[in-house]
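The sequence and structure are shown first.

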Amino acid sequence: MRNVDTRFLSRLKDHEEDAWYELFDVFGPALSRMIERFGHRCFTPDTVRDISQETLLRLSREIHRFDPGRGVRFSTWLFEIAKHVVAGEFAHRNTKKRGAGVRPGSLDPALEPSRDTPGPPEEHERSVFRAKVYRAMRVAGERLEFLPFEVFKARVLRGMMQKDIAVAMGISEPTVSRYLRKAREVVRETIREVVAEYSFTPEELAEPSGASLDRDDDSFDEALAEIHAREEESRRGHDVLSRTARSLSFGRE
Amino acid sequence: MVAWLLIPVLAGAAVALLLLLATRRSPLGLLLRLPFVLPFWALGVLGDLFAVPVHLASGLLRTGWALFMTIIGNAPREAWRAAGREFLGVADAMRRAAARLASFLGCPEVAARWRPRAGPPPLPRVVPRRGDRRVYPFEDRYRIEGRLGAGGSTARLFVVRRVHRDRPVGDRMVLKYFDLGLGSRLDELVRESRGMQVAKEMGIVLDHRLEQNCFWYVMPFHEGETLTRAAARVHRRTPEGEPLPAADVSTVLAWMGDLLRILDGYHRHGVIHKDVKPDNVIVTADGLRLVDLGLLTPLASALTLTTHGTEYFRDPEMVKLALKGRRVKDVDAARFDVYSAGAVFFYLLEGSFPACGPLSRFTRPVPMVLSLMVSRAMAEGTKRYPTIAAMRADLEEAARLAAAEGGFERIPASRLPSFGGFDGPAEGPPLPVEAPVRPPVLEGVEPAEPARSGRRRVRILLSVLVAVVVAANLWTFARVRSAGDGPAATVTTAAALPDRIAGTVLEWREQVAETLRAAGDDPSWLRDVPVLVVADRSPEFERLDLAREVRRRLMDRRVSVDTSAVLEEAVRAVLGPGATASEVRGALGVESGGAERPFVLWVAGPGISSRRVFLRGYFRDLEFDRELPAGAGP
């Protein structure tokens with residue numbers, strides 16, 4: 001097994017504020033969707049946000065107790081802690097109804113899942129992987145110049161042909177081709193880096209190849225477009241649900 | 001038996017076929033849908049035609065009322081506007097009837113041309129106050145006419161009119177009222193009050209007041225609908241996945257141009273809005289209006305950045321910087337509004353929020369020249385537009401070229417002034433000479449520097465740093481020398497203070513006197529002043545009672561307000577190193593009253609270089625064992 005103590009884990013262990021923000025920025029939306037599912041729409045968007053933050057906070061606080069040598073996936077780890085926090089929230093609500101106090105449950109089993117621990121639903125794992133790829137695209141956007149990345153976006157996200165991009169941008173076709181080559185190279189490299197940073201098991205590291213992200217240019221573009229479209233759709237759907245829930249909860253008030 | 005079973009199937013198929021044919025744009029389709037559509041169409045047209053005399057009569061009545069109000073001298077601008085709206089309603093009803101007819105005859109293009117773009121703007125929700133006997137402190141000046149939803153804050157929003165001779169007069173206004181006794185928090189009051197003076201100069205706040213436990217301000221009341229609704233109406237007209245018609249794109253660009261002009265004005269006055277989103281933009285008959293000043297922040301504010309804002313329209317970089325505890329004045333805060341403007345532009349073109357930030361896709365075909373502007377506004381780091389003015393230059397140039405060439409699709413993005421970036425045109429064709437991108441000259445605020453290459457920027461920063469350090473040393477040396485020569489050196493209070501305060505005390509003693517003389521005030525009272533304090537913003541000090549008192553006095557004088565923990569430091573210095581926290585708090589007047597002593601607070605912070613502010617206030621319960629000597633005053 002590779003050395004799984006990634007740079008990201010070290011940063012979390014050092015309590016770097018940036019690392020916590022990164023954790024929330026990258027996995028927050030996926031986590032919120034999962035918590036919403038746990039809550040069966042019992043939670044208002046504010047509660048979902050609170051539980052997401054609580055989950056990630058616990059994760060970053062207890063990071064020194066995490067042993068990546070067990071070969072547990074990052075998504076499983078997130079899932080277990082979120083499950084624990086959600087269970088705590090339900091317990092708190094129930095005891096509140098009875099007018100009694102609540103005793104917090106132990107976080108230990110959630111922090112120390114083993115290989116045999118049943119993993120999260122497949123959709124959650126996929127959404128965590130999509131979050132990694134999305135993060136990689138954003139990092140690549142920061143690394144690349146403005147125009148090459150815009151050309152890449154036009155080709156991959158909008159599905160435009162090179163010739164059309166050249167006409168719309170007012171640059172030559174060889175320049176478009178050069179920009180695309182450069183951008184693809186950077187995006188591929190960034191995906192490799194980001195996936196390695198947030199992955200603890202060989203299966204997670206192999207996920208990009210499973211999603212056709214290590215194939216030829218056309219397959220790569222297609223796979224990336226697909227992942228991005230799913231991620232965007234999921235974020236948009238999540239927000240629409242949140243807004244609906246918000247308006248319902250306001251209505252109750 | 002089989003025949004009986006076949007009958008409903010065949011009948012269903014026949015109905016489906018008829019329905020299919022009826023939906024087609026052909027004479028047959030028209031004929032088939034005639035019996036269904038005709039009654040509704042006739043009712044619609046009759047309704048529209050009936051609306052014409054109704055609007056006409058209503059317009060005449062309102063005109064008469066407005067005339068009467070004018071004669072009795074009640075400044076009825078709103079009454080005249082209402083009359084005008086009724087007459088516009090006549091034209092709209094006729095246009096609507098024509099559009100209905102065209103739509104019925106299967107000419108959607110003609111119908112779209114005739115359909116009124118925006119009907120008379122609906123009035124916002126005004127809930128009359130019933131059974132609420134509370135008397136608000138502003139009711140001697142403003143009469144409450146209704147209440148609005150307050151959004152996310154703990155404030156109460158009232159629709160008010162000014163009171164003159166015990167009668168409401170003039171236009172309707174919105175009054176935002178915070179009360180500590182009604183659940184408002186002190187930090188909210190501080191946040192809302194910090195940009196008031198600038199907002200008043202800009203005309204977006206008409207009046208404001210800070211009292212013992214409450215704070216309120218008055219803004220103009222804009223009748224209209226939110227940009228969210230207006231954009232939704234535009235997008236409803238066009239099916240998903242199809243490009244917006246040219247007329248709608250022009251509308252969107254006009255809105256965007258208006259918004260950028262407003263934001264440019266904010267930045268020129270040295271403030272950022274920080275919560276730009278379609279819900280905070282009102283589309284009125286006179287153009288767009290940006291509302292909700294809850295997060296208005298001076299660009300030169302020394303307060304720490306906060307993460308307040310609206311998801312999807314808030315710059316992620318701002319959140320990062322806020323979590324790092326950076327102060328507003330240490331970052332280029334105007335760029336946060338640029339991001340939000342880009343997100344709003346995305347919303348207007350797409351009809352939905354940018355769920356993936358700068359990576360969000362357009363599902364409608366959007367001309368590259370426009371999508372590139374959205375990307376540039378939402379880009380990270382130095383790739384973003386450095387100022388709103390640069391974005392505005394792009395928008396205006398694109399609109400000009402589109403008018404000349406007959407559509408945005410025909411303009412290559414390379415003709416945008418920003419295409420080559422802001423370091424000069426490294427790639428692509430040269431920038432057009434007639435539309436140079438220049439950052440605006442901000443009054444009293446350092447203009448945002450255009451993006452520079454890394455090394456050059458580091459060199460400039462280092463040079464500036466060295467120059468500042470050398471100048472500061474020279475200045476301190478000169479002050480110490482002059483302090484040793486003149487009577488100022490005997491100011492024992494100043495000597496007891498930490499160095500950075502003492503130096504300023506010595507310098508400011510004279511400047512205070514000069515300014516007071518220039519203002520026609522007698523500066524002799526300065527002789528009895530026990531301490532001069534340099535202050536800047538600090539959250540610790542914001543919590544002290546004295547801060548509110550100081551702010552109230554400053555608000556009365558219509559100046560910006562800044563307070564500081566330096567004051568506490570100064571008090572500690574005066575009381576001695578052994579002073580306990582409660583003694584310091586007591587000296588600042590938090591825990592006890594007592595005899596009041598005059599002091600001068602120098603308020604530093606936004607705009608202080610151009611507008612020096614002095615306050616004759618009171619230290620409560622503070623005993624000074626070292627007074628200024630008689631000769632040390634001005």
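## Conventions

This is a predicted model, in which local features need pLDDT of at least 70 and side-chain atom pairs count only at pLDDT 80 or more, while totals for chains, interfaces and linings use all residues. Residues are numbered from 1 along each chain as its sequence is written, chains are lettered from A in the order in which they are written, and side-chain values use heavy atoms, without hydrogens and water.

## Chain A

Chain A has 12 helices and 0 strands (DSSP runs: H or I of at least four residues for helices, E of at least two for strands). Of its 253 residues, 52% are buried (under 20% relative accessible area, 1.4 Å probe, protein chains only; exposed is over 50%, partly exposed in between).

## Helices α7(A) and α11(B)

Contact (heavy atoms within 4.5 Å) involves Phe146(A), Glu150(A), Lys153(A) and Ala154(A) on α7(A), and Met368(B), Leu372(B), Ser375(B) and Arg376(B) on α11(B).

## Glu350(B)

Glu350(B) lies in helix α10 of chain B (residues 334-350) and is buried, at 8% relative accessible area. Beyond neighbours within four places in sequence, Glu350(B) contacts His235(B), Arg361(B), Phe362(B), Thr363(B) and Arg364(B).
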